[in-house]
Amino acid sequence: MTIATISLRGINIDDFDVSMLVSGTVTAADVGKAVSLDTATAGTVKLAADGDAIIGELLTYENRVQEGIKIGTMSPKGSARFTYTATAPSIGGQIQGAGAGVVKVLSGSNARFPHFVTAVDTVASTVDVLFL
């Protein structure tokens, strides 16, 4: 099944875009992937690891070599499209990190940031998610 012709993809609420430090082995190729908080370092996000709560989508990335930091803009509000692995999420369901910025169906009853799946493309293995 492919995603419907009406899509929320690209709806972004700019007032909520947040610039943060980025940790790990992130590169410009990771823009568009799911991110979670890096609880080891204040003000920092990382690519969503297995079981992580997804807090948004990485919108931009910049490696500031001379300053010794990596920064990015993430969006905790609006709509994003992520690649999923394993079982396809259900419309209305929730997701969590599966590793390397990829997502999977939320397992267990862990409380997560408010979001829900709005569309699933089982051919491309992508899921559209609306963050509230």
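In what order do the strands of the open sheet stand, and is their pairing parallel or antiparallel? The close-ups below come from a predicted model.

**View 1. The open sheet has 3 strands in the order S6-S10-S9.** Pairing in this sheet is antiparallel. Strands of a sheet pair through backbone hydrogen bonds. Neighbouring strands here are turned by 25° against each other on average, direction ignored.

**View 2. Strands S6 and S9 form the edges of the sheet.** S6 covers residues 78-83, and S9 covers 115-121. Each has a single partner strand, so one side of each lacks a neighbour in the sheet.

**View 3. S6 pairs with S10 in the antiparallel sense.** S10 spans residues 126-131. The pairing of S6 and S10 runs over 6 bridges. Arg81 has Asp128 of S10 as its bridge partner.

**View 4. The largest nonpolar core holds 13 residues.** Ile54, Phe82, Ile95, Val103 and Val127 touch the most other members. S6, S9 and S10 each supply at least two residues of this core. S10 gives the most, with 3 residues.

**View 5. Val127 has contacts beyond its neighbours within four places in sequence.** Among them are Ala80, Arg81, Phe82 and Tyr84. Val127 is also in contact with Pro89 and Val103. Val117, Ala119 and Val120 complete the list.

**View 6. A second, separate core has 10 residues.** Its members include Met20, Val22, Val45 and Met74.

Conventions: Residues numbered from 1 in each chain as written. Predicted model: local features only at pLDDT ≥ 70, side-chain atom pairs only at ≥ 80, totals over all residues. Heavy atoms only, no water. Pairing = 2+ DSSP bridges. Helix = DSSP H or I, 4+ residues; strand = E, 2+ residues; numbered from the N terminus. Axes fitted to C-alpha atoms, helices over the stretch in contact; angles between N-to-C directions. Core = buried A, V, L, I, M, F, W, Y, C linked by side-chain atoms within 4.5 Å. Buried < 20%, exposed > 50% of the residue type's maximum accessible area, 1.4 Å probe, protein only. Contact = heavy atoms within 4.5 Å.
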